[in-house]
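Subject: Structure handover

Hello,

Here is the structure I promised you. Please open it beside this email and follow along.

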Amino acid sequence: NPQIWDFISRYISHLAAPGFFFMMGMGMVLMVESRKKIGWDDQKVFVSFLKRGAILILLQFTLENLAWFERSHNPLHFLSTGVLSTLGACMIVGGFMMRFRAVGVAVISVAAILVTTSIIHTLEPAYAKDQSLLMSLLFVAGRAGVVKVNYPIIPWLGVTGLGMLYGWYWGADRLRGYRMSLVL
C-alpha cells in the first residue's frame with residue numbers, strides 16, 4: 001500500500017494468525033494441566049478439544065461465512081475456510097497430539113512446517129493456479145475449484161505444536177516462562 005499507515009496496520013495484522021495458533025497450543029497445554037488436577041483423564045480432555053474444535057469449525061461455516069456473504073453477496077463465501085475452521089481442526093488434532101511426549105510434538109511440528117515449505121517451493125511456478133482440494137486443505141492456501149482455503153491445516157498445526165511446546169516449557173517453571181515471554 002502506498003499509504004504508510006495502511007502498510008503498518010496490515011504488517012502488524014499479519015502477526016495475528018500466528019499468534020492465535022501459537023497461543024492456542026499453549027492454552028491447550030495449560031488447560032490439560034488444570035483439568036488433570038481435577039481428575040480428568042486423557043479421553044475426557046480429548047473429547048473437550050473435539051467439541052471445542054467442532055464449535056469453531058461450525059462458527060466458521062455459519063456466522064463468519066455469513067458475515068462475509070452479507071458484505072459481498074457472493075455465495076462462494078460459504079465455501080471458504082478461514083482462521084476459525086483451521087483453529088478448530090488444529091485443536092482437534094492437537095488434542096490427539098497431547099498424548100505424545102514433547103519430542104514427538106516437536107518432530108511433528110517442525111516436519112509440518114518444513115514439508116509445507118518444500119511443497120510450496122516445488123509448486124511455485126504453478127502457485128497461482130488451482131490446486132486439488134486435499135492439497136489446499138492440507139498444505140497450500142488458495143482455490144480448489146469453488147472452495148477457497150485461506151489457512152491450510154498442516155503448516156498451522158506446526159505453529160500450534162510449537163505453542164504446545166512453549167506451554168510445556170512455560171509450565172515447567174512459571175517464573176522462567178514469564179521472563180521468556182517478556183523477551184519474546
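The side chain of Ser-109 reaches the backbone oxygen of Val-105 at 2.7 Å. That is a polar contact: a pair of N or O atoms within 3.5 Å, where within protein one must be able to donate a hydrogen and the other to accept it, and residues adjacent in sequence count only if both atoms are side-chain atoms.

Before going on, note that this is a predicted model: local features need pLDDT of at least 70, side-chain atom pairs count only at pLDDT 80 or more, and totals for chains, interfaces and linings use all residues. Residues are numbered from 1 along each chain as its sequence is written, and side-chain values use heavy atoms, with hydrogens and water left out.

Back to Ser-109. It sits in helix α5, residues 102–123 (helices are DSSP runs of H or I, at least four residues, numbered from the N terminus). Ser-109 is buried, at 1% relative accessible area (buried means under 20%, with a 1.4 Å probe and protein chains only). Beyond its neighbours within four places in sequence, Ser-109 is in contact (heavy atoms within 4.5 Å) with Leu-157, Gly-158, Gly-161 and Leu-162.

Next, Met-164. It belongs to helix α7, residues 153–172. Its relative accessible area is 0%, so Met-164 counts as buried. Leaving out residues up to four places away in sequence, Met-164 touches several residues, including Gly-25, Met-97 and Val-105. Gly-27 is 137 residues from Met-164 along the chain, yet their C-alpha atoms are separated by 7.7 Å.

Last, Thr-86 in helix α4, residues 83–97. Thr-86 is buried too, at 2%. Among the residues it touches are Phe-21, Tyr-151 and Trp-156.

Best wishes

Terms used:
Helices (H or I, at least four residues) and strands (E, at least two) are DSSP runs, numbered from the N terminus. Buried means under 20% relative accessible area, exposed over 50%, partly exposed in between (1.4 Å probe, protein chains only).
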